[in-house]
Amino acid sequence: MNQRDLNISEALGAYFAKVPSYCEPYGNGYINDTFLVISDKRYILQRINTSIFTRPVELMENILGVTEHIRNKVCQVGGDVSRCTLVVLPTIEGENYFCDSSDHYWRLYEFTEGTVTLEQVENVDQFYKCGKAFGYFQQMLADYPANTLHEPIANLHNTPWRYENLMRAVDNDVCGRLSEAMKEVQFAKDREAFCSILEESHREGKLPLHVTHNDTKLNNILFDEITGEPVCAIDLDTVMPGYAITDFGDSIRSGANTAGDSETDLSKVKLDLELFGAYAKGFLEGCNGSLNETEIELLPVSAMLITLECGMRFLTDYLEGDTYFKIHYPDHNLHRARNQFALLQDMESKLDQMKAMIDDLK
Ligand code: ADP
Ligand code: GN1
Ligand code: MG
C-alpha cells in the first residue's frame, strides 16, 4: 500500500467505525483530492490542498459558519434544507476535520444526492441558472458577519497586486523566459491603470465588500439531475469578503469563452454575448436587489478585469517556472495567458454591447 492509500485508510478510519465498501477518486476539481465513499450511504471525502490553502483549520471555520448561515436562512423560508448547501460531517471523535499522521487535512461531506455538475454548458439556460445560483448564494450571505471570516488566500482578486507581482516576475526573470513573453508583458503594461478600477470605486465608497464565493466556475454549482434546476453552490474554500461583481466576472471569464482556456488557436477565443446576457440576467435575479447602481454598471468591466487578472496570473506563473497552476506541457501557462488576453481583447471590442445588455436588464 503506498503512502497515499495509507492516508486514505487513516482518514476513513477517523470517520467510519466499519471500513466503507467503496472509496474512489471523484469529480474533476483541480484543487483538492476528492473521493466518493460508499458505506451506509454516499459521502464526499476530500483531502484539502494545503499548498494552496495553508490554514485549513481557519478554512473549515469559514465553511462551517457560512453553511450554517445558509441552512438557517433556507429553514426560515421553508426551503429544502437537506440540499441547500454543503453538510460537514464530524469524525468519530466529533471533530469537523481530520489531520492525518502526514499532516494532511481531510473533511467529509454528505453526498448531495440527485445532483450533477457540468463541465461545460450544453445550452444557454444552464448558464442563466448558474448565474442565478451564484447570485442567490450572495443574497443569502448578504447579512453574514463578514469580519468573522478568515482570508484563505491573501490578495486572490487584488488586481493591482497581481500586476505588481507580474512586474516583479519580469524584473527577476528567474527562468530566462522573458524574451518569449515580451508581447504579453506589454499587453499587461498597456492596461496598468485599468487594474485599479474596482479598488478606486471601493475607495470612493461606491463598491462595498460582500461575502463572495471567489471560484464561480460552472462546475461549482450542483444541478438537480431530473429538473436541471440549480441546487446549491459548492467548493466553498475561497469564501471571503470581496466585491460581488468579481464573482460575476470570473463566471463570465471561465464560462462565456467560446473556446477552452487552453485553446491555442486564438481566432476561436471570443466572448459569447448570448451567454454573457443569460448569466447577467440570472445573477441579477439571484442577487435580488442586493447590488447598487455602481455595481450593476461595472458588471461588464468586472468581466474584463478578472480576465486580465487571470491572464497576468498565468503569465507570472510562466515567468516564475510554473509553481502554482498545474501544467500539461512547458509553455502551457504562456498559452493560457495568451488565451485570456485574446478573450479580453474581444471583450474590449464588445464593451458597448455588454453595457447595452446590462442597461436592458436594469
Ligand atoms: P475542487 O476544489 O478540487 O474543485 P470541489 O469541492 O469542487 O473540489 O469538488 C470536486 C467535484 O466533486 C465537484 O465538481 C462535484 O462534482 C463533486 N462534489 C463535491 N462536493 C459534492 C457533494 N457534496 N455532493 C455531490 N458531489 C460533490
Ligand atoms: C484556479 O484550479 P481551478 O481552475 O479550480 C484558481 C482560480 C483561477 C483558475 C484559472 C484557488 O482554479 O482563481 O481563476 O485556476 N484557484 C485558486 O483556471 O487560485
Ligand atoms: Mg470545484
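This briefing walks through a predicted model of one protein chain with two ligands. Local features need pLDDT of at least 70 and side-chain atom pairs count only at pLDDT 80 or more, while totals for chains, interfaces and linings use all residues. Residues are numbered from 1 along each chain as its sequence is written, chains are lettered from A and ligands numbered from 1 in the order in which they are written, and side-chain values use heavy atoms, with hydrogens and water left out.

**Overall fold**

- The protein chain has 12 helices and 11 strands, both being DSSP runs numbered from the N terminus (helices H or I, at least four residues; strands E, at least two).
- For 362 residues, a compact globule would come out near 21 Å in radius of gyration, and the protein chain agrees because its own value is 21 Å; the radius is taken over C-alpha atoms, and the globule rule is 2.2 Å times the number of residues to the power 0.38.
- Along the principal axes, the C-alpha atoms fill a box of roughly 60 × 50 × 40 Å.
- Buried residues account for 53% of the 362 (buried is under 20% relative accessible area, exposed over 50%, partly exposed in between, with a 1.4 Å probe and protein chains only).
- Take the contacts between residues at least 6 apart in sequence: 74% of them join residues at least 24 apart (contact means heavy atoms within 4.5 Å).

**Around ligand 1**

- There are 17 residues around ligand 1, and Asn-32, Gln-46, Thr-112, Thr-117 and Asp-235 come nearest (near means a heavy atom within 4 Å).
- That shell splits into seven nonpolar, eight polar and two charged residues (Ala, Val, Leu, Ile, Met, Phe, Trp, Tyr, Cys and Pro count as nonpolar, Asp, Glu, Lys and Arg as charged, and the others, Gly among them, as polar).
- A nitrogen atom of ligand 1 sits 2.9 Å from a backbone N or O atom of Thr-112.
- On the oxygen side, a polar backbone atom of Asn-219 is 3.2 Å from an oxygen atom of ligand 1, and a polar side-chain atom of Asp-235 is 3.0 Å from an oxygen atom of ligand 1.
- Of the 550 Å² of accessible area that ligand 1 has on its own, the protein covers 96%.

**Around ligand 2**

- The shell here holds seven nonpolar, no polar and five charged residues, and helix α10 (residues 299-319) gives the most to it, with three.
- Oxygen atoms of ligand 2 lie 2.3 Å from a polar side-chain atom of Lys-217, 2.8 Å from a side-chain N or O atom of Arg-313 and 2.5 Å from a polar side-chain atom of Tyr-324.
- Ligand 2 exposes 440 Å² when taken alone, and the protein buries 92% of that.

**Two buried residues**

- Asp-237 is in the loop between β10 (230-233) and β11 (240-242), and counts as buried because its relative accessibility is 2%.
- The Asp-237 side chain makes a polar contact with the side chain of Asn-32 (2.9 Å); such a contact is a pair of N or O atoms within 3.5 Å, and within protein one must be able to donate a hydrogen and the other to accept it, with residues adjacent in sequence counting only if both atoms are side-chain atoms.
- Asn-32 is also among the residues that come nearest to ligand 1.
- Asn-333 lies in helix α11 (residues 332-349); at 0% relative accessibility, Asn-333 is buried too.
- The side chain of Asn-333 has a polar contact with that of Asp-317 (3.1 Å).
- Beyond neighbours within four places in sequence, Asn-333 touches residues including Phe-314 and Phe-325, both of which are among those surrounding ligand 2.

Terms used:
Areas by Shrake-Rupley, 256 points an atom, 1.4 Å probe, with all protein chains shown as cover.
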